[in-house]
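Trainee: Could you walk me through reading this structure, one feature at a time? I would like to begin with pockets.

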Amino acid sequence: MDFPVVYAVKHKNFDIRMASRSGGIFTAISDEILNKNGIVYGCVLNEELKAAHIRVETKEGRDLMHGSKYVQSDMSDMFKRVREDLEDGRKVLFSGTSCQIAGLKAFLSKDYGEQLFCLDILCHGVPSPLVWKKYVAWQEEKNGGVCIGADFRNKKDFGWAAHVETLKIKQSDDQIKTVHSRVYTNMFYSHKVLRECCYKCPYKSIIHPGDMTIGDFWRVNNAVPDFDDDCGVSLVLINSEYAQRLFDAAKKKLNFSPCRIEDSMQIPLKHPFKRPEGRSEFWKDLRARPFDEIAVEYGNYTPEAEQRLARIAAQHKTPVIKEEGFAHRLYEGLKNRVKRT
């Protein structure tokens, strides 16, 4: 078999798909490992709002890993714990960026065969935790409270194709304020917040160190017409026979379509993003200037933009979405409205 084998994927359980950032493939694959008394490692946003890898043995714990985290994850002692689990004979799924997968394999320096399943995330590039920390502190000060939750890309209120971050701020009177913004998003897509090594990433190609590579399947309708309903589609690259067997075992939970790699290409599958002009100036400014100024100059912040996002969320919010057709109608046209903010 020639690798990678490519699929467009949507989980059949609509609630699972809406809880996921794209199409829910991570849940389906990790279920196969957990059902075999295996262990899953992945990234969560912890109580301190720091991206960190954790080890779980339950589906409830795994569900904490849902959602994108556009910031570098703290690995702590996870590599050591993976090795201990493997030496104990446990099956392990380790998910992370391609460089984290490569780092784990180098650390292990031993082939554990099908005891270890590596799943890498199609990566745009990784922002420094310092940018996220300063952004959250700014939102806390601006809104008079403590941030108790964050969604880096709020699909439920704005649709899959839009990119809006949503923060929950607990104010001094214990009221919870919801803040929708694109300041962090705009800084992310400027590429100035990425780690220096991301501009020279060796994994920006169709060859990846993981058994399976997953991500958002942007422009999926070019590959599979009418597959996109703006509720999330996963791009899946099968890189090993083990991955193909796991995917086959999970198929009963999935709607999927084989695709040509030529119809599935996006920039992170071709080359790293170029180091942008003004990156050095951004970092000097970030350390020297108030974040109010950073938000305006580099994040395109205006109070009116946040107010418009709040109105859009209020107009399109619905407590329960069960039917994909309804969700498609709900989100139709929303992407362009959000972009205009």
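Trainee: What volume does the second largest pocket have?

Mentor: On a 1 Å grid over the protein atoms alone, a pocket is an open set of points where a 1.4 Å probe fits, with protein on both sides within 12 Å along at least five of seven lines. Grid points are joined across faces, edges and corners, and a volume is the space filled by probe spheres set on the points. Here the second largest pocket comes to about 610 Å³. This is a predicted model, where local features need pLDDT of at least 70 and side-chain atom pairs count only at pLDDT 80 or more, while totals for chains, interfaces and linings use all residues. Residues are numbered from 1 along each chain as its sequence is written, and side-chain values use heavy atoms, with hydrogens and water left out.

Trainee: Which residues are closest to the centre of that pocket?

Mentor: A lining residue has an atom within 4 Å of a pocket point. There are 26 of them, and Arg-21, His-66, Gly-149, Ala-150 and Asp-151 are the closest to the centre. Helices and strands are DSSP runs numbered from the N terminus, with at least four residues (H or I) for a helix and at least two (E) for a strand. Strand E6 (145–151) is among the elements giving two or more residues to the lining, and E6 gives the most, with four.

Trainee: How many lining residues are nonpolar, polar and charged?

Mentor: Ala, Val, Leu, Ile, Met, Phe, Trp, Tyr, Cys and Pro count as nonpolar, Asp, Glu, Lys and Arg as charged, and the others, Gly among them, as polar. The lining has ten nonpolar, seven polar and nine charged residues.

Trainee: Now the core: how many residues are in the largest one?

Mentor: In soluble globular proteins, nonpolar side chains tend to be buried together. A nonpolar core is a set of buried Ala, Val, Leu, Ile, Met, Phe, Trp, Tyr and Cys residues joined through side-chain atoms within 4.5 Å. Buried means under 20% relative accessible area, exposed over 50%, and partly exposed in between (1.4 Å probe, protein chains only). The largest core has 33 residues, with Val-131, Trp-132 and Phe-291 among those that have the most contacts inside it. Helix H6 (129–143) supplies the largest share, five residues. Contact means heavy atoms within 4.5 Å, and Phe-291 touches Val-131, Lys-134, Tyr-135, Trp-138, Met-187 and Leu-286, leaving aside residues up to four places away in sequence. A second, separate core of 26 residues includes Ile-29 and Met-212.

Trainee: Is helix H8 (183–190) mostly covered or mostly open?

Mentor: H8 is mostly covered, with six of its eight residues buried. The cover includes H6, H10 and H11. Asn-186, in H8, counts as buried because its relative accessible area is 19%. By contacts, Asn-186 touches Tyr-298, Gly-299 and Asn-300, again leaving aside residues up to four places away.

Trainee: Is Asn-37 buried or exposed?

Mentor: Asn-37 counts as exposed because its relative accessibility is 52%. Its place is in the loop between helix H2 (25–34) and E2.

Trainee: What is the mean pLDDT of the chain?

Mentor: pLDDT is the predictor's confidence in each residue, from 0 to 100. The mean is 92, and 93% of residues reach 70 or more. Over residues 318–338, however, pLDDT is below 50. Where pLDDT is low, the predicted coordinates should not be read in detail.
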